[in-house]
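Morning, everyone. Let's walk through one structure together. Please look at the screen.

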Amino acid sequence: TQLTNDIGHKICGINDLKQRRKEKEWQLSQERENLRKCSDRLMQMESKNNKLLQALQRAGAERINEAYSWVQNNKNMFRGEVYGPVLLEVNVQSKTHAGYLESHVPNYIWRSFITQNASDRDLLVRQLKQYGTPILNYTGGNSIMCEPLNITPE
C-alpha cells in the first residue's frame, strides 16, 4: 500500500513536471516569436527604403508609408511597372550631384509614383488620393528630339 501511494505521488510529480515543461517550452516559443518580430522590425527600420520614406514623411508627405505599402501589396493589379516614390528609385553616388538634384527637382516629384500605363495611373490616382501622393504617367518615346543630348563627363 505504501509503495502504491509512493508510486502514485511520483507519477503525479512527473505529470506536474511534464506540464511545467510544456508551459516553459510554450513561453520560450512565444519569446522566440517576439524576438523574431523585433528583429524583423529592426531590419525594416534600418533599411534604406524605410529611411528614405521617413525622410519624405519629415518633408511633408505624412502618409507616404501607407501609399508605398498599398502599391507594394497590390502590384498584381497593375498592367505595367509602377515606380516610386521617386526618391527610392534615384541613386546618386556624388554628394555634389545629389545636392544639385535636390535643389533643382521640385519636392512633389520626390514623393511621386510613376506609371507606364494610363490605366495604372488612373487606378493609382483613385486609390492613393487619400494619401495625397502625386502620380505621374511616363509614356516614353513620344517626344521629338532632333539631336541627342551632349552629355559631358561632368
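Start with Phe113, which stands opposite Ile135 in strand E3. Strands here are DSSP runs of E, at least two residues, and helices are runs of H or I, at least four, numbered from the N terminus.

A word on the source. This is a predicted model: local features need pLDDT of at least 70, side-chain atom pairs count only at pLDDT 80 or more, and totals for chains, interfaces and linings use all residues. Residues are numbered from 1 along each chain as its sequence is written, and side-chain values use heavy atoms, without hydrogens and water.

Back to the strands. E2 (residues 113-115) and E3 run parallel, joined by 3 bridges. Pairing takes at least two DSSP bridges. The open sheet has 3 strands in the order E1-E2-E3, with mixed pairing. E1 (82-83) and E3 (135-137) are at the edges with a single partner strand each, so one side of each has no neighbour in the sheet.

Now the core. Phe113 is among the residues that touch the most other members of the largest nonpolar core, which has 21 residues. Such a core is a set of buried Ala, Val, Leu, Ile, Met, Phe, Trp, Tyr and Cys residues joined through side-chain atoms within 4.5 Å. Buried means under 20% relative accessible area, exposed over 50%, partly exposed in between, with a 1.4 Å probe and protein chains only. Helix H3 (64-73) is one of the contributing elements. H3 gives the most, 5 residues.

Last, Phe78. Phe78 is buried, at 10% relative accessible area. Trp70 is buried too, at 15%.
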